Amino acid sequence: MKKKTLIILISIVTGLSLILGAVGLTYSWISSNIVGVGNDIHVIGKNLILNYTDSLAVNETSLVPGYSVTKTLTVQNTSTEILYYKMYFKNLINTTVTDLLTYEITGNKTVTEKPIPKSQSSTNINIFEGIEIPANTTHTYTLIIKYKDSDTIDQTSDSGKTFSTTIEL
């Protein structure tokens, strides 16, 4: 009976060790794919690096007419094959009432000025997808987000509204 109990105990300890080892390896792989110091953030996935040259997040809690922020980012393919990517607003919250909060993006793919979708709770919204990036190539983008000043639209309904998001691949 003691021999059977010992075999069961060894089996349980071995099984738990394998599970904990797999979890540890998975965590170390995931955490090694996000690197950066300060505002220079890199997000790595299947040989794609998203590099911000300034702050990662946009977080404005009191929008005022004339507000504007510009983000410069690059997408780098470090592989030896053609890859495809999409870019999207992650955890987007936009509580404005008017369509005066807009974005535009220029670079390897251009999006002319468009209203930022409204969202009371955190959501992900595609900017574009299916962008081909050849091996060992870098795409550079400039994203401009602005809350336009209008002489014809009453903007008081947007007073105190918030906007926050990050840009992700």
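This is a predicted model: local features need pLDDT of at least 70, side-chain atom pairs count only at pLDDT 80 or more; totals for chains, interfaces and linings use all residues.

Q: Which residues of the largest nonpolar core touch the most other members?
A: A nonpolar core is a set of buried Ala, Val, Leu, Ile, Met, Phe, Trp, Tyr and Cys residues joined through side-chain atoms within 4.5 Å; buried means under 20% relative accessible area (1.4 Å probe, protein chains only). Here the largest such core has 30 residues, and Tyr 85, Met 87, Ile 127, Phe 128, Tyr 141 and Ile 145 touch the most other members. The elements that give two or more residues include strands E3 (48-52), E9 (119-133) and E11, and E6 gives the most, with 5 residues. Strands (E) are DSSP runs of at least two residues, numbered from the N terminus.

Q: Is strand E11 covered on one face or on both?
A: In a regular strand the side chains alternate between the two faces of the sheet. In E11, Phe 163, Thr 165 and Ile 167 on one side and Ser 164, Thr 166 and Glu 168 on the other are all buried. Because 6 of the 6 residues of E11 (residues 163-168) are buried, this strand is largely enclosed by the rest of the structure.

Q: Which strand is joined to E11 by 5 bridges?
A: Two strands pair if DSSP finds at least two bridges between them. E6 (residues 83-94) runs antiparallel to E11 with 5 bridges, and Phe 89 has Ile 167 as its bridge partner. E4 (residues 57-60) is also antiparallel to E11, joined by 4 bridges, with Ala 57 opposite Thr 166.

Note on methods: Residues are numbered from 1 along each chain as its sequence is written. Side-chain values use heavy atoms; hydrogens and water are left out. Buried means under 20% relative accessible area, exposed over 50%, partly exposed in between (1.4 Å probe, protein chains only).
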